[in-house]
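Please work through the following exercises on ring pairs and on one helix. Each task is followed by a stepwise solution.

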Amino acid sequence: AARCSVLATMCTSSPAESIEQGLLWRLMAMEPRGDVGNPQDLDPTALGFMCGLEIHQQLATGKLHSRMPSELFDYGIEEVPDGWPRSRRRLRASRGEAGQIDIAARFEHRRNRSFVYVQPPNAGLIEMDEAPPLEHDGDAVDVVLTMAAMMDAKPVSALQAMRKTVVDGSNTSGFQRTTLIATDGVVDTPSGVVGVDVICLEEDSARKLDTQSSSSGETVFYTLDRLGMPLVEVATAPDVQTPEHAKETALTLGTLLRDTRRVRRGLGSIRQDLNVSIACGDRVEIKGCQDLDWIPQIISLEMGRQLHMYRLANELRSEANLPPLPPNRDDDNIPVENRVSVAATSRLSLDIQDLSGCFAVCESEMVRTSLSEGSRVQGVALSGFAGKIGSKRLDNDGAQLPRLGRELASAARLAGVAGIFHSDELPAYGISETEVAEVRQTLSLEEPDAFVLCVAPAWQSELALEAVIERARGAYHRIPREVRNVVIRKGQPADGTTTAMRPLPGGARMYPETDIPILKVSIEHWDGIRDNLPLSTEQRRERLQNLELSQNQMEAILGSEMDDVLIMGVEGGLCGCPPVPAKAWASAILDNTRADIAEGTGHDESKVPWPVLTLAVHAREEDIITREGLVPLARRLWLEGPSSTDTEFEERLEWFAQQSEEAGFAPADTGSVEAAVEEVISENMDMIGERGMGAMGPLMGAVMQKLGGSADGKTVSEALRRKITELGD
C-alpha cells in the first residue's frame, strides 16, 4: 500500500518532488523481508540484526557496601516472621548531575505506588538508607578483577562508585550503586569472538514479595535480604551474530564466571538481559531470560515483533498520506518524523470519556463487580485503527503473533490495571454487540475507527488510557526504545513473547556517589590477580582424566564444583590424611555423605569439615570401620572427637578406631564372615533351592544379624554370592 501511494504521488509531482519520491521508491525497494508467522526462519543478516548481552551474576561474598552477609531467607509474604521490622515509603524521581530527570525515573514516579520494606537480620541501617555506605568489599573487588583478567580486559586505575537512579521501589535509596571495573575484554565462543565493552561491580536490588492494589494505588512489598548483594555485570559488544549465537555467548560467559568458584549458584543467581534490534526496528532491552534454552526463541520473536510494528507503521502512514519509514533507522529524517508526530497527535487526541452508563446491564461479571466497587468504564477513540489492533493468533510454533493490542495492553498495565478491552476483539468476554454499538455511538466513531476501554478506578484508568494513546501515537513511528520483560507463567516463559516494562533509561540516570571513597587499583594488585587466575573448565577436566573415574563421575564432580576437594583427597595431606582412592572419594562426595552426617544435628551439611570425611573414608578403605559405620562414626568425630587443628592425624585415627570397636562397627575377620555365611546357608537350603540368587536379600540380613553389624556389607555380599553360585554349580 505504501509503495502504491508513493507511485501515485510520483505521477503527479514536480521534478524536484519526483527526485525526492524516487529516493523513497528506492528505499521501499529495500523493504525487509520475512514471514512474521515463522520467526525462526527470519534471516538475521538480511534484517540487519544486532544483539549484545548483559550478564548479571551474584558473587559469593559479603554485601558490597555494608559488611552484612549475603544470605537469602526463603519466606513468602505470609511467612515473614512477626519480629522483622517493616517500613513504608514513597519515592520520587530527582534530577541527575546534568539537571535532568531520567525518562524511566519520571515514568515510575507517575505510577502512584508506595513501598513496604521488610527488614531481615542481614539488613541494617545501610540497607534502610539511614546510614552512609561503607567502602567496597575487598573480596568482591578481587573476584571481579579476576573475571576481568580472564576476559583479557583492561582495568580502570580508580574505582569510582556511581549512583544509578532506580525508582521502582527495589532500592530504598532510589538508586543503585555501580562501579566500573574494566573495559575492552573478549570472550571466545564456538561461533566467534565477542567483545566485552564493560565489566561492572554493582549492588543487587531488593526482592519483591507481593503487590496489593487498592482504590488509591498499589502497595509493593519488598524484602531487603538481597539488597546490596554484590553482582558482576558483563556487557558485551553487539557482536552476537544469530539467536543461537546469543545462547552460546551466554553459556560461555556463565561458564567463565563460574570458573572463579566465587559466584553463587541456584535459581535467580544469574540472569541474562538481551539488547536486540533489527535495522527497521530499534534497540530494546529484554529482561527475565534465566533459561538459556529460551534465548533463541525470545530473540526470534522480538525480531518478528519489530518487523511487524515497522510494517504497521508504514500502513498507518500510507493511509494518512504521510512519508513512509525508511527500512533502516539510520536513514530516519528528524523533520519528517516531527511532521508525522504532529499528524499522529492530531489524529489521536487524548479525549477520555466515561462510558459506565453503556454497561449498566453488562453480562461480564468482571465489569459488574468492578462497577459495584466504585470503578468506572472509561474509553478513548483510536481514529483509523479498526482492524489494526489485532486479535490473538499463534505462529507455527504456538507463540502469540505480534499485534498492536498487546503493546497497548502492556502500556496500560504499567499503570497497574489488569488489562484493557479493544474493539478488534469485541464483542466477547461478556460484552455484547449492543454495548459495542452504544460505545461507538457515544464516541462518535466512523467505520475505520477503533476504541479502547479500561475498567478501573477513575484515576488509574485515566493514567492507563493516557499510556494507550501515547503508545498508539507511537505506532506511526519506529518501535520505542524500551525495557521489556519475558512473559512468565508458572516459573517458565509462557511462549517467549515479551511485554513492555518501562522506557529505556538514558544517561541522566547516572551520577557520582560521594559517600564512598575512590579505590585505587595499583599495577602490583593487577599483576597479582593475573598471576593467580583460576583454572578453566577444560583445564579442570584434563586434571581429572588420569584418576580412573567414570565419565559420569567426572562430569558430576565438575558440575558440582567439587574437583578441588577431590584432588585434595586424592593427593593426600588434608590435615595429615594419606591419599584416598579416587573412586571411593568421588562417591563419598557425590553421594551427599556430608548431608547424611549432618542429618539430625541441627547444622547445615556445609559445616561438616572435609577432614572428617577424608578420615572416615580412609578408615573404611583400610578396614578400620565397616561401611555401615562411616556416617555415624564421622558424625561422632565431628561433634565429639579431637579437632584436626589441635591433634595429629594418627591420634585422631586411633580415637576413631576405638570408637568403632565400642560401637560395634569394627569389621569382623574373614573367618567369622565365612562361618556366619556357611551357617545361614545351611539353615536356608530350601529357600536357596527355590529362589537361587533371589534369596540374597533375606540371607544378607540374617548374616549381618549373626555378625552383630561388625561385618562390611560388601564383604558379606561377595561371600554369599560366591557360596550360592557354588551350590548352583
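**Exercise 1: Aromatic pairs**

The count of aromatic pairs comes to nine, where rings of Phe, Tyr and Trp (its six-membered ring) pair if their centres lie within 6.5 Å, and planes under 30 degrees apart count as stacked, over 60 as edge-to-face and the rest as tilted. The model is predicted: local features need pLDDT of at least 70, side-chain atom pairs count only at pLDDT 80 or more, and totals for chains, interfaces and linings use all residues. Residues are numbered from 1 along each chain as its sequence is written, and side-chain values use heavy atoms, leaving out hydrogens and water.

Task: classify the pair Phe-175 and Tyr-511.

Step 1. The ring centres lie 6.5 Å apart with the planes at 70°, so the pair is edge-to-face.
Step 2. Phe-175 belongs to strand S7 and Tyr-511 to strand S20, 336 residues apart; strands are DSSP runs of E, at least two residues, and helices runs of H or I, at least four, numbered from the N terminus.
Step 3. Both Phe-175 and Tyr-511 are buried (under 20% relative accessible area; exposed is over 50%, partly exposed in between; 1.4 Å probe, protein chains only).

**Exercise 2: Helix H10**

Task: determine how the buried residues of H10 are arranged.

Step 1. In H10 (residues 433-442), the buried residues are Glu-435, Val-436 and Val-439.
Step 2. These residues fall within an arc of 105° seen down the axis, so they line one face of the helix; the arc is that of the directions from the helix axis to the C-beta atoms.
Step 3. On the other side, Glu-433, Thr-434 and Gln-441 are exposed.
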